[in-house]
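Let's walk through how to read a couple of features in a model like this. Have a look first, then we'll talk.

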Amino acid sequence: MSHALPPRSDLTGHEVLNQPEGRGDLDLWQGDPLLRSLIAAGGGDGAEALAPYGAALGGVATREAGREANRQPPELRLFDRAGRRLDEVHYHPAYHQLMQLGLEAGYAAIAWEGGQGGHQAHAAMVYLASQVEPGHCCPMTMTYAAVPALAADEALAALWQPKLTARHYDPAVRPLAEKRAATLGMAMTEKQGGSDVRANATRAERTADGWRLTGHKWFCSAPMSDGFLTLAQTEAGLSCFLVPRWLEGGRNPIQIQRLKDKLGNRANASSEIEYHGALAHLLGEEGRGVQTIIEMVHHTRLDTAMAPAGLMRAALGEAHHWCAHRSTFQRRLIDQPLMAQVLADLTLDWAGALALGLRVARAFDGAGEAPRAFARIAVALAKFLSNKRCGPLIGEAMEALGGMGYVEETPLPLLYREAPLNGIWEGSGNVICLDILRTLARDGAVREALQAELEAARGLNRHFDAAFEAHLARWAALPEEAEARWFAESAATLLTAATLLQSGETSLAEPYVATRLAGPRSQVAGALGRLDAGPILAHLGPAA
Ligand SMILES: Cc1cc2nc3c(=O)[nH]c(=O)nc-3n(C[C@H](O)[C@H](O)[C@H](O)COP(=O)(O)OP(=O)(O)OC[C@H]3O[C@@H](n4cnc5c(N)ncnc54)[C@H](O)[C@@H]3O)c2cc1C
């Protein structure tokens, strides 16, 4: 909020000193030299869409809208005043404002518009939006990710895809035909099993007027989506369905049971729903539902690999700003050698997550089997490592602000509450690691693609070469299940190092390799005490 007169600082008894001011209007694109440099190195595609989106997101008013959408969480409205069922969620206007901004910028559309580098541009949008308000990313991400799954049915795709990729936001409670734009969600998880979707018990019955679904879904984020991709059992086995939320002339019988009371992600209305004979369209082959919906899961995984880079960036930006404007013991915090070590070490994790996320997105953009094979394995490795680094990094960034980091007037508490989520949904850590093993075991093209990517960095750094050799020797045979995290961490760290080395960002790549792949690696940020902090911190841009 802007004030006509400045607040008083001549308070009785004390003067307000040494409290850094808020960061003012930020430009999340211009103010992020590493993002711009990596996008340029990847061909520069999407920059024209990213620049205005980054500028709009970073403004004080938009950042305040993000806070407001979390402070005023969505409300469930089950009934109208006469007791008729509505099953609607009412959101704060700030949420709608952010949804409109993101969808009009092309968050859900740009990857499917046929331009070069659309997935890279989309991934960068995930990164930008997550810095401001991560909750509203969920419905936009699912809308983006539903598009390739819809390809399993030409007629459904022809109806839905133009509205999903319309670059508009239309939250009206109306059937698809009456809307300019639509969003899609995903409802897979049931009480008895989330990771193990084959335990799904929701039933689908073929009736005279189409398929009807009966059952519950334990987690359904974005219940105001215009439809859900969902799994249900038919006589042929688990099958994928598109369930429209609103029908011509009525509401599909989908009841919202309640909204989840979540740790974070509070702007997003994650719900429990029940289908009571809900009309549904079979998507893809009956009995092959997992194979159909896996296309959507594959694409949401890209976003869950990218979002933690955005959360880390937001937390580091706050810490960097604070430390540049706060003094202790006669020196700015940023000039205190120990604080500089901590921030520099954290910066390497953020830079690695950003570079790897964009590299994976470029593989989604690639044509042919090799990029597809690489994307399959790399998205899982990136999701695993980036999310494992995200929580500790935000905790340290919070600590860099001292007591104020723990206070809701800074963004750190919101970011901290969000930090674990991308590691949980779309495949929790163990499930991702087991997926990595399964994919490598059954798909030679994937093994070759990963090997080729790591080989390409050979010769660029001797510590990398040594660590790569050690990895190959240790994992000559594929790991046992119990070793899956060990393997995944090792492969993901090598892949991050290879990406940074090949990006030409030497002032990040060299210290990343030196601290993550060579010699002892401490579990605690800043504990190695031997980073040349200045050139690393320069990648954060000016401490606005
Ligand atoms: C805020 C939020 C929103 C969500 N929104 C949606 C949504 O919109 N739609 C939707 O369908 N779902 C949604 N989910 C659900 C989410 O995808 C699941 O919670 C997740 O897939 C894990 O499933 P689960 O909770 O049943 O845990 P489980 O499957 O019971 O897993 C519990 C733990 O066991 C581990 N584990 C599982 N199998 C193994 C194994 N073989 N070996 C070792 N460890 C194992 C897992 O990694 C996990 O850590 C949401 C979840 C959250 C928190």
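**Cysteines and a helix pair**

A: Start with C138: at 9% relative accessibility, C138 counts as buried (under 20% relative accessible area, with over 50% being exposed and in between partly exposed; 1.4 Å probe, protein chains only). This is a predicted model, where local features need pLDDT of at least 70, side-chain atom pairs count only at pLDDT 80 or more, and totals for chains, interfaces and linings use all residues. Residues are numbered from 1 along each chain as its sequence is written, and side-chain values use heavy atoms, leaving out hydrogens and water.

Q: How many disulfides does a search of the whole structure find?

A: A disulfide is a covalent bond between the sulfur atoms of two cysteines. Here the search, looking for cysteine sulfur atoms within 2.5 Å, finds 0 disulfides. For C138, the nearest cysteine sulfur is that of C137, 8.8 Å away.

Q: At what angle do α5 and α8 pack?

A: Helices here are DSSP runs (H or I, at least four residues), numbered from the N terminus. Axes are lines fitted to C-alpha atoms over the stretch in contact, and angles run from 0 to 180 degrees between N-to-C directions. Helix α5 (residues 118-130) and helix α8 (residues 289-325) pack at about 45°, axes 7 Å apart.

Terms used: Helices (H or I, at least four residues) and strands (E, at least two) are DSSP runs, numbered from the N terminus.
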